[in-house]
Amino acid sequence: ENKQHFKLAVIPGDGIGKEVINEGIRVLEFLSTQSNSKFTFETDYFPWGCEYYLENGKMMADDGLEKIEDHDAIYFGAVGFPGVPDHISLWGLRIAICQNFDQWANIRPVEFLPGVKSKLNHPEKEKLNWVLIRENTEGEYSGIGGRNFTGRGARKEVAVQSSLFTEEGCERVIRYAFETALKRDRKKVTSVTKSNAQQYGMVLWDEVFARVSKEYPDVETDQWLVDAMAANFVLRPEELEVVVASNLLADILSDLGSALAGSLGIAASANLNPDRRFPSMFEAVHGSAPDIAGEGIANPIGAIGSAALMLEHLGLKEEAVLVNQAIKDATQSGFLTADIGGNTSTKEMTDSILQQLSNIY
Ligand code: NAI
Ligand code: MG
């Protein structure tokens, strides 16, 4: 048999990251061990995160990037835990990987799952689904800036935090959004900025959007300022298909989208290096949720959906579709973790997804 074989770098990270990542691996194991499976995989685990930081003074090994660079994909839990400042943990691990591996497209689908009470009062909720495409290497998260005049309680400290918008950076992610739209039933791209106030970087973004859109005459376009778009997420969600935005704006809108759909715990994401020069990284949208860590109640759907995005990226589209279908079947039949209104545990949630998978596989 010529099955595909994948080498995955697994970084569980902190808090519920460690819990949900196991569940995604269980789903991959299930798929790979079916008699007609098309792939096998091996895992290398890396114990990086806040505990590692407290022991070693750094979030990952000095040669960490080299250690994971030759893997086919990275499966990531979440980082951040009380005791380590959030900007240290985020920059030391997740953003370090996204920027150094040029994972410039962060894909965040918003799905309304059957059986999950959404916060949105909409007659046809289950027909709603849109995808956020987040610029993932520059913008507001460029990391350019500094602090000065920190001296001795004079209260004169200043901080500069610069956004970086490059024409190339804007163009590649905007183009990606148009290419994504071409593959959907309704071909529409909505660009979100705040270019009335951010008159340099985001006006450049708008100009690139206008230029690139001319190459896609079959794709409908729409442009909004982010404050109005936040309202649109709630008031006119049926207008959303592919939404492309800068690093910070899309980060905020994706939490809003998943909360509207029912919970942060159900949202999946892919940090893609579409050029495939480096491995891409797959992680749930949520963070490490210290408030519920260790209780075995975290929702694994975001992490399992992220594993499905990983399968798709690795060329296993059918398997990805099956996993997403099994998630829907599981919530439809009433298996719901606490965040979406039930009392199913993390493990039982995955059990029910595996059960559904074995029904349809
Ligand atoms: P969070 O996403 O960890 O939690 C927000 C709320 O949603 C909490 O009440 C939590 O219990 C709930 N929640 C999140 N995921 C859930 C799940 N799977 N099942 C059930 N409930 C869930 O965001 P928060 O509290 O702002 O940040 C906590 C830590 O995570 C911080 O250290 C932060 O820096 C870090 N973080 C890391 C991210 C990453 O690794 N990509 C992304 C966002 C935050
Ligand atoms: Mg976020």
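Student: What should I know before I start?

Tutor: The model is predicted: local features need pLDDT of at least 70, side-chain atom pairs count only at pLDDT 80 or more, and totals for chains, interfaces and linings use all residues. Residues are numbered from 1 along each chain as its sequence is written, while chains are lettered from A and ligands numbered from 1 in the order in which they are written.

Student: How many residues has helix 9, and what does it span?

Tutor: Helices (H or I, at least four residues) and strands (E, at least two) are DSSP runs, numbered from the N terminus. The expected span of a helix is 1.5 Å times one less than its number of residues. Helix 9 covers residues 301–313, which is 13 residues. Its first and last C-alpha lie 18 Å apart, close to the 18 Å expected.

Student: Is helix 9 enclosed or exposed?

Tutor: Count neighbours. A residue is buried with 20 or more other C-beta atoms within 10 Å of its own, exposed with 12 or fewer, and partly exposed in between; C-beta atoms are placed from the backbone. In helix 9, twelve of the 13 residues are buried, so the rest of the structure largely encloses it. Among them are Ile301, Leu309 and His313.

Student: Which residue just after helix 9 has a positive phi?

Tutor: Gly315, at about 90 degrees.

Student: Where is Asp102?

Tutor: In the loop between helix 4 (86–100) and strand 4 (105–111). Asp102 has a positive phi of about 50 degrees, though not a glycine. Asp102 is partly exposed, with 17 other C-beta atoms within 10 Å.
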